[in-house]
Amino acid sequence: MEGVRLTVLVGQYAQKAYLHESKSTLTETVKSAHEYLPRYFPLPHPSPRNNIWQAKNPWFTDEILPLFLQGVANLL
């Protein structure tokens with residue numbers, strides 16, 4: 001596809017497929033999201049199990065989500 005400015009990688013499988021130099025865990029990869037910009041943005045999968053992950057990783061809501069929302073807003 002032409003004109004794609006950002007690819008959102010949702011979940012570990014997508015991250016492993018596209019980020020050849022991803023971190024060893026999903027948590028580390030998502031925490032390092034800024035390293036993959038501006039081409040990719042890794043996010044955890046939005047499943048019910050994700051609630052447990054988010055509770056254990058409050059930095060996601062505080063740091064990563066605002067970065068993602070700002071990036072998408074800039075593209076629009």
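Predicted model: local features only at pLDDT ≥ 70, side-chain atom pairs only at ≥ 80, totals over all residues.
Biologist: Which residues make up the largest nonpolar core?

Modeller: Eleven residues do: Leu6, Leu26, Val30, Ala33, Phe41, Leu43, Trp53, Trp59, Phe60, Ile64 and Phe68.

Biologist: And which helices and strands supply at least two residues each?

Modeller: Helix H2 (26-31), strand E2 (40-43) and helix H4 (59-75). H4 gives the most, with four residues.

Biologist: Take Val30. What does Val30 touch, leaving out residues up to four places away in sequence?

Modeller: Its contacts are Gln15, Pro42, Leu43, Pro44, Trp53, Trp59, Phe60 and Ile64.

Biologist: Where does Gln15 lie?

Modeller: In helix H1, which covers residues 12-18.

Biologist: Is Gln15 buried or exposed?

Modeller: Gln15 is buried, because its relative accessibility is 2% and the cut-off for buried is under 20%. Again leaving out residues up to four places away in sequence, Gln15 touches Leu9, Ser22, Leu26, Thr29, Val30, Pro42 and Leu43.

Biologist: New topic. How many aromatic pairs does the structure hold?

Modeller: Five. One of them is Trp53 with Trp59: the ring centres are 5.7 Å apart and the planes sit at 80°.

Biologist: Why is that pair edge-to-face?

Modeller: Because the planes are at 80°, and over 60 degrees counts as edge-to-face.

Biologist: Are Trp53 and Trp59 buried or exposed?

Modeller: Trp53 is buried, with a relative accessible area of 14%. Trp59 is buried too, at 11%.

Biologist: Which residues do ring pairs link into a cluster?

Modeller: Trp53, Trp59 and Phe60.

Note on methods. Residues numbered from 1 in each chain as written. Heavy atoms only, no water. Core = buried A, V, L, I, M, F, W, Y, C linked by side-chain atoms within 4.5 Å. Buried < 20%, exposed > 50% of the residue type's maximum accessible area, 1.4 Å probe, protein only. Contact = heavy atoms within 4.5 Å. Phe/Tyr/Trp six-rings, centres within 6.5 Å; stacked < 30°, edge-to-face > 60°.
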